[in-house]
Amino acid sequence: MERFEETVLAACRSLLAPGDRVIAAVSGGADSMALLQFLLEYQEALGVTVEAVHVDHRLRHESARDAAFVAAFCNEKGVPLHAFAADAPVGHRSEEWSRQLRYGFFETLAGPGVKIATAHTLSDQAETLLLRLARGAGVRGAAGIPAARGCFVRPMLGVTKAQAQAFCRSRGLSWVTDEDNLSDVYARNKLRHYAMPAIEAACPGAEAAFGTFCARMGELTQYLRGRGEHLLVSAACAPDAWRLDTLAAAPAVERAEALRILVEAERPLRKGDIQRLEALLARRAGAVQLTPAVRLAARGSRLERRRTAEPAFFAPVEARPGEYRLPGGFCLRLRLVEGAECEESIKFAQTAKKPFDNCADYDKISSSLCLRTRQAGDVFRPAGRNVDKTLKKLFNEQKVPAPRRDSLPLLAAGSRVVWLWGEGFAHGLRPDENTRRLLVVEPRHCEHREEEE
């Protein structure tokens with residue numbers, strides 16, 4: 001028991017600062033109950049205040065029971081509780097949907113001096129590592145779950161689930177069990193029920209060893225980031241230009257990190273980005289479009305970052321069915337689908353489990369739409385979250401580069417954004433069995449051709 005408290009306390013001292021508001025994410029399971037109880041016991045020593053947050057996904061019959069359990073505990077202990085319940089689920093809801101719902105609500109609580117503490121343990125870290133390695137992860141993926149990222153902190157990464165349960169028992173705490181965790185439907189559960197016990201039996205202490213490995217990979221990730229930055233400085237020959245020979249002569253792992261830095265300065269890295277850029281360097285000609293306004297182009301002896309000179313804004317227009325070619329390299333098509341075609345489209349999407357991101361029930365939109373770029377005061381409710389966000393906050397959270405923010409097309413009814421490029425339609429507009437008219441947006445990037453020398 002002492003080791004649990006010493007380990008978590010040391011982590012808290014490194015992750016939290018006196019005066020922080022710490023909001024513990026509590027599901028009602030043993031891990032999260034241990035986290036909340038620990039924070040309550042040590043809040044004075046740490047100089048923090050403690051609150052709790054619970055999200056009811058409404059995917060299981062027992063979810064209301066779990067919410068009531070957490071609420072009763074917080075009421076007994078005098079802990080402020082932020083509770084959120086999802087709309088009744090429609091259609092297929094995945095683990096990813098649940099995660100986005102949780103974190104979407106958590107992020108609404110963030111602010112200066114606020115830390116959201118989650119109860120990820122060493123056991124979760126080991127499972128995450130194995131899953132990522134099985135899926136072909138590199139050094140970054142092998143670093144596992146970070147102890148801190150943005151407003152989120154994970155002070156229990158150094159202790160196991162068994163230790164968390166033992167801590168709960170020592171305090172006389174009960175907890176609830178998510179029945180889904182007992183099923184073998186999910187890949188993580190199969191690892192937890194079969195692979196990890198077998199590995200631990202063959203190599204006692206494997207969980208701790210996996211945790212140590214993740215920590216080392218995290219350090220290596222930071223080292224590689226430094227090498228990538230150094231390479232870009234060494235290769236720089238002009239603002240937004242780098243010598244191809246210097247890049248080509250560098251070790252492949254450092255060059256890949258440098259290319260990653262260039263991409264992530266504009267948008268999140270996607271699968272295949274590094275391979276496309278490596279091919280570009282090898283050809284020494286052509287370009288890779290990163291965003292509608294930014295591309296990396298190989299010209300003779302240089303790799304150049306080029307930005308379009310097109311204006312970001314365009315005059316708002318009434319959104320009618322048709323084709324639109326917009327500044328910044330954006331193209332989109334609006335279609336209104338009715339009758340039998342509407343029924344067939346919905347049936348196909350449901351059967352094939354296709355997402356409805358860019359389709360909406362037209363009759364759920366109460367007013368006429370305008371096609372434009374962002375304006376002050378715009379708000380958007382991301383699908384599946386049921387939480388309003390200003391576009392400014394959404395773009396900050398997603399780290400959308402400032403020049404790109406002013407060029408993204410959207411459909412709006414007044415200041416309420418109904419559809420946003422890259423996000424799709426807002427929450428509450430999803431088609432269902434009663435839909436009679438579909439509004440379909442077909443976004444695409446307009447072609448940008450580079451002449452090869």
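Is Thr-121 buried or exposed, and at what relative accessibility? I began my notes with this residue and looked up the value: Thr-121 has 0% relative accessibility and therefore counts as buried (buried means under 20% relative accessible area, exposed over 50% and partly exposed in between, with a 1.4 Å probe and protein chains only).

Before going on I noted that this is a predicted model, in which local features need pLDDT of at least 70 and side-chain atom pairs count only at pLDDT 80 or more, while totals for chains, interfaces and linings use all residues. I also noted that residues are numbered from 1 along each chain as its sequence is written, and that side-chain values use heavy atoms, with hydrogens and water left out.

**Around Thr-121**

I placed Thr-121 in the loop between strand S4 (114–117) and helix H5, taking helices (H or I, at least four residues) and strands (E, at least two) as DSSP runs numbered from the N terminus. Leaving aside neighbours within four places in sequence, I found Thr-121 in contact with Asp-31, Met-156, Leu-157, Val-159, Thr-160 and Lys-161, where contact means heavy atoms within 4.5 Å.

**H5 against H9**

I then followed H5 (residues 122–134) to helix H9 (residues 206–235), and found that their axes come within 9 Å and cross at roughly 70°; the axes are lines fitted to C-alpha atoms, for helices over the stretch in contact, and angles run from 0 to 180 degrees between N-to-C directions. H5 and H9 are therefore roughly perpendicular to each other (65 to 115 degrees; under 35 counts as roughly parallel, over 145 as roughly antiparallel and the rest as oblique). I listed the residues that make the contact, among them Leu-122, Ala-126 and Leu-129 of H5 and Phe-210, Phe-213 and Cys-214 of H9.

I next looked up strand S19 (residues 410–413), which runs antiparallel to strand S16 (residues 370–372) and is joined to S16 by three bridges (two strands pair if DSSP finds at least two bridges between them). Arg-372 has Leu-410 in S19 as its bridge partner. Four bridges join S19 to strand S20 (residues 416–420), again in antiparallel fashion, and here Ala-412 has Val-417 of S20 as its partner. The hairpin of S19 and S20 has two residues between the strands, and in this hairpin I noted that Gly-414 takes a positive phi near 70°.

**The whole chain**

Last, I recorded that the chain comes to 15 helices and 22 strands, and that buried residues make up 46% of its 453 residues.
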